[in-house]
Amino acid sequence: MKSQSRREFFKLLGLGGATLLASSVPAMGSEKGGVNNEALGMLYDATMCVGCKACMASCKRVNGDYGSLSYERAPFDPDGLWDAPQDLSGSTRTLIKLHKETDSRWSYVKYSCMHCQKPSCVSVCPVSAMTKDKVTGVVDYNKDTCIGCRYCQVGCSFNIPKFQWEKTLPQIVKCDLCRNTNLREKGITACAEVCPVGAISFGKRKELLAIAHARLQDNPGRYIHHVYGEHELGGTNHLYLSALSFEKLGLPNLPDNAPAEFSEKIQHTIYKGFVAPVALYSTLCFIALKNQKGQEKNGHKEEGE
Amino acid sequence: MAGHHDEFIRLEGKIFTKSFFVLLTLVIVGFYYIGVRYVKGIGAVSNMSDGYPWGIWIAYDVATGTAIACGGYAMAILIYIRNHWKFHPLIRSALLTSLFGYCLAGFSVMVDLGRYWNSYGFFMPARWQINSAMFEVALCVMAYSTVLVIEFLPAVLWSLENSRGETLRKVSAWLHPRLVPDEAKLASGLEWVRESAAWLRPRLDKVLVFFIVLGITLPTMHQSSLGSLLLIAATKLNPLWHTGFLPLLFLINCIYIGYAIVIMESIISSTAFKREIEFQELAGLSRIIPWLTVIWLSVRVGDLVYRGQVANALRFDFYSCFFLLEFCLVAGGSMILFSRRMRRSPRWLFITATMIILGGGLYRFNVYLIGFNPGQGWHYFPSFAELMITAGVIALEILGYQVLVKVFPVLPNPHKHAANGHAQDEPVGLPPVAVPQGK
């Protein structure tokens, strides 16, 4: 009888252990190998780009109405013949810039949302206006819930989300991989669709990584031997190849771990299951009530004396 | 606050003083620019940019302002948790400043929010995003402001109970007779208000302690979360300030600022309203501060040593200078307060309290603005309009305090207080540390 109950106990223990393992394995999996290589992304090859800005024009044409984008005038152009944004802004989701190192050595660079694997903007948004699609990996913005606190801007290491400072009813502007426009209609982003030289590749992250590494292998002298975005901040779905240093192109030198992992770990440790605040409140209530009773007794005694 | 209403008195005096009108001017200018902001957008009044999306409205009005408004929180810990009831006379004025600080921080947030009309989303569980420190801060601050109103309610009820409705009568005499109900109706209405206030007050007194404890729990949560807000800026905030200890540092920081502000405010209001300084209480309070700052400075320095940032801290460049300034203000103020002789001089009490508030406040500014570097090419310095909005909010705070201490019994009753003072000649046998439990 006794041995049997002991056997029962071990069985239970084993069972419990197994469930624990089973439940923790996928959790670990999602944390460690958490990179979703099936997610959609883009690969921008700075050595192929000719700086025609067709991507910029196409982006604004396709997303203009949906994303509340407008044309930005240059000071010399009162008639508004050109769209002349200086930087990513509340009217511009993607931008081509030229970096000139010397007269013969230069490179174009394209800016837009990096669509991080673990995006800070999604982690910090208090009202779930920034979301990350589980399947496509697209980091999208919903202006109908956004309160305009601009915490996403504080959080983003790439300074991508832009705010419409000059508007009475402003919103955040950032690339959503044409999720609500071109991607839905044609299955490709507007910028990648129109690029005449194939500098922007669109596809799943694993395909893009394969292309990037193949190019690095085939042309060893042409590139800096690094795929920007493969590991930066835990990986991004927008990847870069370049001949000049990425930092000079305005792509900051970043660590491999995502800031959101760090901040969420601390926040979750403090607020796990809301146990700590409840425990704090009940402990303090107990102490305060006891103190108040003691005080009332003392007070009455004093009055009596 | 149960059954201690005789501890507080209403300040006699005119409401419309010279300073009232000076402050009112500032308030009006500030509100003019707030109007401009709502019509023309945030860019029209502020120098904030996509690199510096948070300016002084967040760094001062919210991050620093709520720390300065922590007097009520710090006093509640001291009185109700650490059981030092002789500080009780100071609590109402501390609560009133807290109330103003928090309500106006909330108001500043509504000026700062770009899409303020969507902020009802905080009450919709489907939109909650519990990973966000800001979500936690927002809910806690809203809850705490409500708690502060409830905590202050006894003073309001007392005034209603004891009012003779003279102002109301004057107003009704001034208005057109058609607009005013007849005398009997008015009297019976007043009587009803008085009776319900008298009915409510003892009942509120009984349950008030639960709200007071809530008023200790909530700031513990959101003051630490105000530090957590900047945890995400790992690549932007200078390593002198970016650390996993940000929540703890912000929490301790707000408590010592809280005590310092109670001291400063007492001295200022005693001088301004020509009242006796609550001397014994303040000397006792000032004894707690250096112990808190010692803990804070140890965590601060220990963390810098652990992360190998000491060399950066002593480099005397831009960031290092601001770090050293913050450090010297807090450390210097605390050193002085360790001396018993200094603690007994109102002048030195005032100077040290100011140093601690400036140092502690600068720490928050450093975290939110000065140590924040989004990358090359971004600069921020507040615009005139932006500064005037903040100045208007601060003016409104002081104005409100000035008026309300003349309307409600807020300030300590000097007679009652004097009796207390003689009963305990030696300032306070306080155990050194007053950190809240359960961090």
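Modeller: Let us begin with domains, whose bounds come from an automatic or database domain assignment. Please bear in mind throughout that this is a predicted model. Chain A is divided into domain 1, residues 40-257, and domain 2, residues 263-288. The C-alpha centres of these two domains of chain A lie 40 Å apart.

Colleague: How is an interface between chains read, and how many residues of chain A are in contact with chain B?

Modeller: The size of an interface is often given as the accessible area lost when the parts come together. Here the description is by residue contacts: 51 residues of chain A are in contact with 51 residues of chain B. On the chain A side, the elements that give two or more residues are α3 (120-124), α4 (151-155), β6 (162-163), α8 (259-271) and α9 (275-304).

Colleague: Which element gives the most to the side of chain A that touches chain B?

Modeller: That element is α9(A), with 14 residues. By class, the chain A side has 29 nonpolar, 17 polar and 5 charged residues.

Colleague: Let us turn to sheets. In what order do the 3 strands of the open sheet in chain A lie?

Modeller: Strands of a sheet pair through backbone hydrogen bonds, either parallel or antiparallel. In chain A the order of the open sheet is β8-β1-β9, and its pairing is mixed. Its edge strands are β8 (200-204) and β9 (238-241), each of which pairs on one side only. From one strand to the next, the twist averages 20 degrees.

Colleague: How many bridges join β1 of chain A to β8(A)?

Modeller: Strand β1(A), residues 40-45, is joined to β8(A) by 5 bridges, and the two run antiparallel.

Colleague: What do β2(A) and β3(A) form?

Modeller: They form a hairpin, with 5 residues between the strands. Strand β2(A), residues 95-100, and strand β3(A), residues 106-111, pair in the antiparallel sense over 6 bridges.

Colleague: Next, helix packing in chain B. At what angle do the axes of α7 and α8 of chain B cross?

Modeller: One reads the crossing angle, the distance between the axes and the handedness together. Helix α7(B), residues 183-228, and helix α8(B), residues 246-272, cross at roughly 130 degrees, and their axes come within 7 Å. The two helices are therefore oblique to each other. The crossing of α7(B) past α8(B) is right-handed. Among the residues that meet are B:Thr220, B:Gln223 and B:Leu226 in α7(B) and B:Leu246, B:Phe250 and B:Cys254 in α8(B). The classes in this contact are 8 nonpolar, 6 polar and no charged residues.

Colleague: Why are α4(B) and α14(B) described as roughly antiparallel?

Modeller: The cut-off settles the matter, because angles over 145 degrees count as roughly antiparallel. The axes of α4(B), residues 91-112, and α14(B), residues 384-407, cross at roughly 150 degrees and come within 10 Å. The pair is therefore roughly antiparallel, and its crossing is right-handed. Its contact includes B:Phe100, B:Leu104 and B:Phe107 in α4(B), with B:Val393, B:Leu396 and B:Tyr401 in α14(B). By class, the contact of α4(B) with α14(B) has 10 nonpolar, 4 polar and 1 charged residues.

Colleague: How far apart are the axes of α2 and α13 of chain B?

Modeller: The axes are 10 Å apart, and α2(B), residues 56-68, packs with α13(B), residues 346-370, at an angle of about 145 degrees. This crossing is right-handed. Contributors to the contact include B:Ile58, B:Ala63 and B:Ile68 of α2(B), together with B:Gly360, B:Arg364 and B:Phe365 of α13(B). The residues of this contact divide into 9 nonpolar, 3 polar and 1 charged.

How values were computed: Residues numbered from 1 in each chain as written. Chains lettered and ligands numbered in written order. Predicted model: local features only at pLDDT ≥ 70, side-chain atom pairs only at ≥ 80, totals over all residues. Contact = placed C-beta atoms within 7 Å. Helix = DSSP H or I, 4+ residues; strand = E, 2+ residues; numbered from the N terminus. Nonpolar A, V, L, I, M, F, W, Y, C, P; charged D, E, K, R; others polar. Axes fitted to C-alpha atoms, helices over the stretch in contact; angles between N-to-C directions. Left-handed = near helix turned anticlockwise from the far one by under 90°. Parallel < 35°, antiparallel > 145°, perpendicular 65-115°, else oblique. Pairing = 2+ DSSP bridges.
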